[in-house]
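Visitor: I would like to go through some labels used for this structure and hear what each one rests on.
Guide: Go ahead.

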Amino acid sequence: DSGVPITHSTLASVRGTTSPLFSIGVTTYDRDVLLRETVQSILAQTCTDFELLIGNDNPGRLITQDSLVVHYSRVQIVNHPKNLGEHGNMNALLAMGRGRYFTWMADDDLYAPTFLSAVRVALDRFDNPPCVFTSSTRRRELFDEWSKRTDWPMQEYTGREFLDEYLSRTIHVIGSCGTFLVKLLKDLGGMQRLGTGFSPYSDNLLAIRSARLSQIIHIDAPLVFYRDHEGSPSHNSA
């Protein structure tokens, strides 16, 4: 918690021996202000059984706990020695996670404070399913409203049923924000690139590939706020 940049070689020595239930991987590249807000939304979770892994893809601009104004052992920062690209960064964090379940978070989005608590309720209610999704929204007022609620509607699907609902846009989820059993997420191939160039919509592919799972729980509450701004890939990409 000293603020010294954490690298791959020092990561193992500072992490505890007890595995958390959740691992959250945040990839970042030069979004200091937005990243701080994202991190604060994660640290404000009412369920605290998690570790936060931050992968910095800019080797010329190191991130420390001091620069983020956070000093918690559950927060680990990895300053990659070279730019791995979005997909490489995401999969590197997946490989390092110690939690039983893993999810990614963009460095410009926000969690409702009850995000992990809602997922944990779903895990208990449905006997530890392989994947849990919550809804997402771009409407801040809707996100703020649900941030205060705990009456989370939950629905159990087979993978095929989930796919039908997802493709018809009946449910609104971000594929990379699903909370997956780590082994099954790795079996799905982690985060895969679409095409040969920059691919901001690979999260759609992950949601589609989730149809291979036998059971998926959807929490019909927008507990993820997707911030659409001029610097976001989906705002700029054709």
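Visitor: Which residue in β8 is the bridge partner of Val132?
Guide: Thr179 is that partner in this predicted model.

Visitor: What makes β6 and β8 a strand pair?
Guide: A pair needs at least two bridges.

Visitor: In which sense do β6 and β9 pair, and over how many bridges?
Guide: β6 pairs with strand β9 (residues 216-225) in the parallel sense, over 6 bridges. In that pairing Ser135 stands opposite Pro222 of β9.

Visitor: Why is the pair of Tyr111 and Phe115 called stacked?
Guide: Ring centres have to lie within 6.5 Å to pair, and planes under 30 degrees apart count as stacked. Tyr111 and Phe115 are 4.1 Å apart, centre to centre, with 10 degrees between the planes. Both conditions hold, therefore the pair is stacked.

Visitor: How do you know whether Tyr111 and Phe115 are buried or exposed?
Guide: Buried means under 20% relative accessible area. Tyr111 has 2% and Phe115 has 0%, so each counts as buried.

Visitor: What does Ile24 touch, leaving out residues up to four places away in sequence?
Guide: Its contacts include Ile42, Phe50, Leu52, Met105 and Tyr111. In the largest nonpolar core, which has 44 residues, Ile24 is one of those that touch the most other members, together with Phe22, Leu52 and Ile219. A second, separate core of 24 residues includes Met90 and Ile171.

Visitor: What makes Arg149 a charge over the ring of Trp146?
Guide: The distance limit is 6 Å from the ring centre, and an angle limit of 35 degrees from the ring normal applies as well. The charged end of Arg149 sits over that ring, 3.7 Å from its centre. Arg140 lies over the face of Phe225, at 5.2 Å from the ring centre.

Key
Residues numbered from 1 in each chain as written. Predicted model: local features only at pLDDT ≥ 70, side-chain atom pairs only at ≥ 80, totals over all residues. Heavy atoms only, no water. Core = buried A, V, L, I, M, F, W, Y, C linked by side-chain atoms within 4.5 Å. Buried < 20%, exposed > 50% of the residue type's maximum accessible area, 1.4 Å probe, protein only. Contact = heavy atoms within 4.5 Å. Phe/Tyr/Trp six-rings, centres within 6.5 Å; stacked < 30°, edge-to-face > 60°. Helix = DSSP H or I, 4+ residues; strand = E, 2+ residues; numbered from the N terminus.
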